[in-house]
Amino acid sequence: METKLSNMQLLLNMELLTLKRLLIQNKKDGFIFFKEEVADLQLMQLFHLYFYLRPGTKSLINAFPIPIKDFQFYKNTIDQFSFMRFYYEQYYGVFDTDLTIFEQYDVTRPYVGRKFIWYFF
């Protein structure tokens with residue numbers, strides 16, 4: 001979902017510093033994902049926030065989680081993309097995804113949290 005710190009601050013009734021700490025902690029755990037550095041986020045800046053359970057209704061389809069306990073890395077690109085496809089399709093609720101979509105993702109450098117790993121582009 002696309003959001004701003006100001007919207008989250010109002011919704012959660014939280015001081016900005018407390019909100020940023022909460023975002024950092026949850027990102028480190030892998031429960032949420034966003035590309036930006038929390039320290040660089042401005043109060044009115046839009047950014048995309050992803051939750052590990054499911055995407056928001058208006059989320060861009062460019063990040064998805066894999067539980068760290070299930071994570072595998074394959075040297076063969078086709079096997080790696082097939083592995084990724086299962087989690088991508090489960091997360092977004094789409095099926096029969098063309099493997100070429102995963103060429104957009106940086107397969108060698110996903111975001112690694114304590115509980116979930118996120119592939120993104």
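Q: Which residues line the largest pocket and lie nearest its centre?
A: Rolling a probe the size of a water molecule over the atoms shows where empty space is left. Here the largest pocket has 13 lining residues, and Met 8, Leu 12, Leu 23, Leu 49 and Phe 51 lie nearest its centre. A pocket is an open set of points on a 1 Å grid over the protein atoms alone, where a 1.4 Å probe fits, with protein on both sides within 12 Å along at least five of seven lines; lining residues have an atom within 4 Å of a point. This is a predicted model: local features need pLDDT of at least 70, side-chain atom pairs count only at pLDDT 80 or more, and totals for chains, interfaces and linings use all residues. Residues are numbered from 1 along each chain as its sequence is written, and side-chain values use heavy atoms, with hydrogens and water left out.

Q: Which helices each supply at least two residues of that lining?
A: α1 (5-12) and α2 (16-29) do. Helices are DSSP runs (H or I, at least four residues), and strands are too (E, at least two), numbered from the N terminus.

Q: Where is Asn 13 found, and what is its phi?
A: Most residues other than glycine have a negative phi. Asn 13 has a positive phi of about 50°. Asn 13 sits in the loop between α1 and α2.

Q: Why does Asn 13 count as exposed?
A: Because its relative accessibility is 71%. Exposed means over 50% relative accessible area (1.4 Å probe, protein chains only).

Q: Where is the place of Asp 96?
A: Asp 96 is in the loop between α3 (77-92) and β6 (111-112). Its phi is positive, about 65°.

Note on methods:
Buried < 20%, exposed > 50% of the residue type's maximum accessible area, 1.4 Å probe, protein only.
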